[in-house]
Amino acid sequence: MGATASHLGKDLLSEYQELTFLTKQEILLAHKRFTELLSREDKNLPDPRAPTEAILTLPELKSNPFRERIVRVFSTSESRDGLTFEDFLDLLSAFSDSATLEIKSHYAFRIFDFDDDGTLDENDLEKLVNCLTGETDETRLTPDEMKQLISNILEESDIDKDGTVNLSEFQHVISRSPDFVSSFKIVL
Amino acid sequence: MGACVCVCACREQRLEQDRELSSWRQRRRSLHRSLKRLRADLQERLSSLVLWRGDIHLIEGMFGTGILSYFSFLRFLVLLNLVIFLLMFSFVMLPIIIAPHAGGNVTFNQADGQNVCSVYPTSARRGLVIFHEHITDLLSGGGFLEQTYLFYGYYKVHAISFPGFTYNLPLAYLLVTVAYLCLSLVWIVQRSATGFKRNLIQDEDRFQSFCNKIFAGWDCCITNEDAARLKRSSLLYELKTDLEEERIKQKIADRSRKERCRIYTIRLILNVFVIAVLAACFYSIYRATIFSQKAQMEKMVQICYLPSIVITLANFITPLLFSVIINFEDYSPAFEIRFTLMRCVFMRLTSIGVLLFSLWSQITQCKEGPCLCGYNHQLYSCWETRVGQEMYKLTVFDFIIIAAVTIFVEFPRKLMVNYCGCGLMRWWGQQEFAIPQNVLEIVYGQTICWIGTFYCPLLPAICTIKYFFIFYIKKVSLVNNCRPATRPFRASSSNFFFLVVLLIGLALASLPVMVGVGQINCSQACGPFVNYTVSWEVLPRTVSLLPNKALRDLLFALASEAVAVSLFVITCVGMFYVIALAGAHKRVINQLREQLVMSGSARNLKVASSIPEVALSETPHPDCSCPAGCRPAGLTPPPGCECIHEGVNVSRYCEALWVI
């Protein structure tokens, strides 16, 4: 499991090709970019884990407002810090062109769930909007506008009117959102 | 891929599945997998051949998917024009070209000198030709270009008899015209099918839903820091505008009756004013065309291009005028944008129609009463070539204008804004890439191409080259001069919008072609239809010459009114059925939604009153077979977790027990 040398085994490559939505070229490119992120000592470990700070330097993630959440969600370590190569492939696979809407919406839900409680409540939505518009004071919405926006979002997506958006409601509203598939996409 | 979401889970699932299968099934499964792998490799190789993939990826990273959709639309038009050209070339030009080499014998249309209609004075220049006259000919399509493959008049072929069969060129010419219009229609509809379905579903909500903006708002493909910052500010602007619009809508709904009357009167006056402006523009195009046709004898380039200049001026002034007028009409912001856009679309595409109408009024108007040959043979011995020349001039002029505006307006603007910090420059600001206006430009060019291909068969090739260069011009201008628009254009709705405008262009283009083919007498001096009164006549005549009587009768019956009326009635009935079905589905959806709300609220109530048999306690009932994985209240238990109490499935009350 994992790739120690800078060269990916052929049967491992075809296995990854079947288990993810990525093509052979994309997996090889991902492997190349991943080994660039590792420090020299880590390269010789059997299953190296790239640290979060190194991953956040990738140009595809650097400008993304949800970059820390993305790394947290895809990380399989105890402390949710750092990605192995397979975690990295999961990330690219979920964000690839050929991933299904179900996979994308599943991961999008987990990324937007800032407090990891399984639902999107008002605090999660507020943090989400602030991430999108920017963190400084002049780029935020006023409290009234924020309240109006959150009540609009809940009105559109909360079907059972419990004040939170759960996974199935989220997937339902995403299935009707025409921009989601094209915007939830990262290509190396 | 099933329900697994990560590599480890998938691997385990697959190993488990493999263990259960017999050896034969395993072999079949591995064969299936290697076939899938082969297909994926092939697709990857094909996708690397896609035109401009690298450029479009770069634009996507810098500006997001809204502007990207403009460039992929441009790429689609390049392909469409190339296919139309190949169609025209292989069925009309290729037989003529290979006839001498393949042993074919070309029979030309007889030009009997007795008939005054079939006199075609040559327009080639004689004697010493000055160089600038060549340039004039190139720009106006006259002179040495007139009697070439470029225009309709050159195809004076009746039939080509190859060893074995006779190739009926007039029939091929007509059928290719019909074919390229149908092909364009089918291709556009197929491309817009996905967008159309989504827009239909989306339209029952607001114009742009908030969920779409928040959950799908961030383009993850943006890699540029500046672009990310701009995207953030444009998202903020968009959210503020939409919230503002909602407040305005509320205000509109609260309007009093007196205010409403006042608004409606203002709107009526302004709409009349807009119609008057449009009528004035159309009249000026009409007069300019007539003037330039009458002055054509002098062969001055400026006069030749007068209709194109007038059209371009009108299309430059009217959008500015419309955007000023719409401010007084007091619509909601979203509707304002749509309405202005529709007016601009109407203006642009109808101006071509007016040009053609004025041309035709000249062609079919003779000095002394009704025309001898059905058209004015003294001035227009080959009128189709003249129409083709006008379309050619429009195309060339359009390209010159796009290139000139980019070079002489946008680049200096950028230099002045960057290096001259005076107030005027700062107010004018940097160039914004206005997607709607750019799209209208290229749809206008494509409409001209569709109309003109019948009269100028090489026009699709010219348009392909033109759009090819426009891609690079626009890309360079975008990367160097422009900043993204403050009001962002959503990718999804923009794709739909582009294709709807293109469809309107196609509909408006097929009208002149149909009138030209079916109504106006074709010229007797040139072209493939010399032996027919109207171009369409070649089809019934060919059908009547068919050897098989049954087929002949069938084809004539298909063209009769009875079939047309019954088709129309069947289409109407089908449409009503589908609409009724959609309405029924909407009602079912609403009912299910209410049911969900009721069951959700039932879940939040204390359950005691509804299921007295289930004991309420801190720990689940011993009969409840929920494994330890049943999570706390608010979540549905994972699949396979069922609580059965006295034969009743109380799974959904599992968490209720935990709550209490």
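## A helical span in chain B

Residues 76-98 of chain B are 100% helix and 0% strand, and their end C-alpha atoms lie 31 Å apart. Helices (H or I, at least four residues) and strands (E, at least two) are DSSP runs, numbered from the N terminus. The UniProt annotation "transmembrane region", from an unreviewed entry, covers this span and also residues 171-189, 264-285, 305-328, 391-409, 496-515 and 554-583 of chain B. UniProt positions are given in the numbering used here, feature names are shortened, and annotations may be inferred rather than shown by experiment. Residues 171-189 of chain B are likewise 100% helix and 0% strand, with 27 Å between the end C-alpha atoms.

## Basis and confidence

This is a predicted model, in which local features need pLDDT of at least 70 and side-chain atom pairs count only at pLDDT 80 or more, while totals for chains, interfaces and linings use all residues. Residues are numbered from 1 along each chain as its sequence is written, chains are lettered from A and ligands numbered from 1 in the order in which they are written, and side-chain values use heavy atoms, leaving out hydrogens and water.

The average pLDDT (the predictor's confidence in each residue, from 0 to 100) is 85 for chain A, and 97% of its residues score at least 70. Over residues 1-5 of chain A the pLDDT is below 50, and this stretch has 16 contacts (heavy atoms within 4.5 Å) beyond near neighbours in sequence.

## Where chains A and B meet

In chain A, 65 residues are in contact with 56 residues of chain B. The two chains bury about 5400 Å² between them, 59% of it on carbon and sulfur atoms. Buried area is the accessible area (1.4 Å probe) that two parts lose on being put together, summed over both.

There are two salt bridges between chain A and chain B. A salt bridge is a side-chain nitrogen of Lys or Arg within 4 Å of a carboxyl oxygen of Asp or Glu. Arg247(B) forms one with Glu145(A), with 3.9 Å between the closest N and O atoms. Helix H9 (residues 143-157) of chain A gives the largest share of the side of chain A that touches chain B, eight residues.

## A salt bridge within chain B

Over all chains, the structure has 18 salt bridges. Asp219(B) and Lys231(B) form a salt bridge at 3.5 Å, N to O. Asp219(B) lies in the loop between helix H7 (210-215) and helix H8 (225-253) of chain B and Lys231(B) in helix H8, so the pair ties together parts that are twelve residues apart in sequence.
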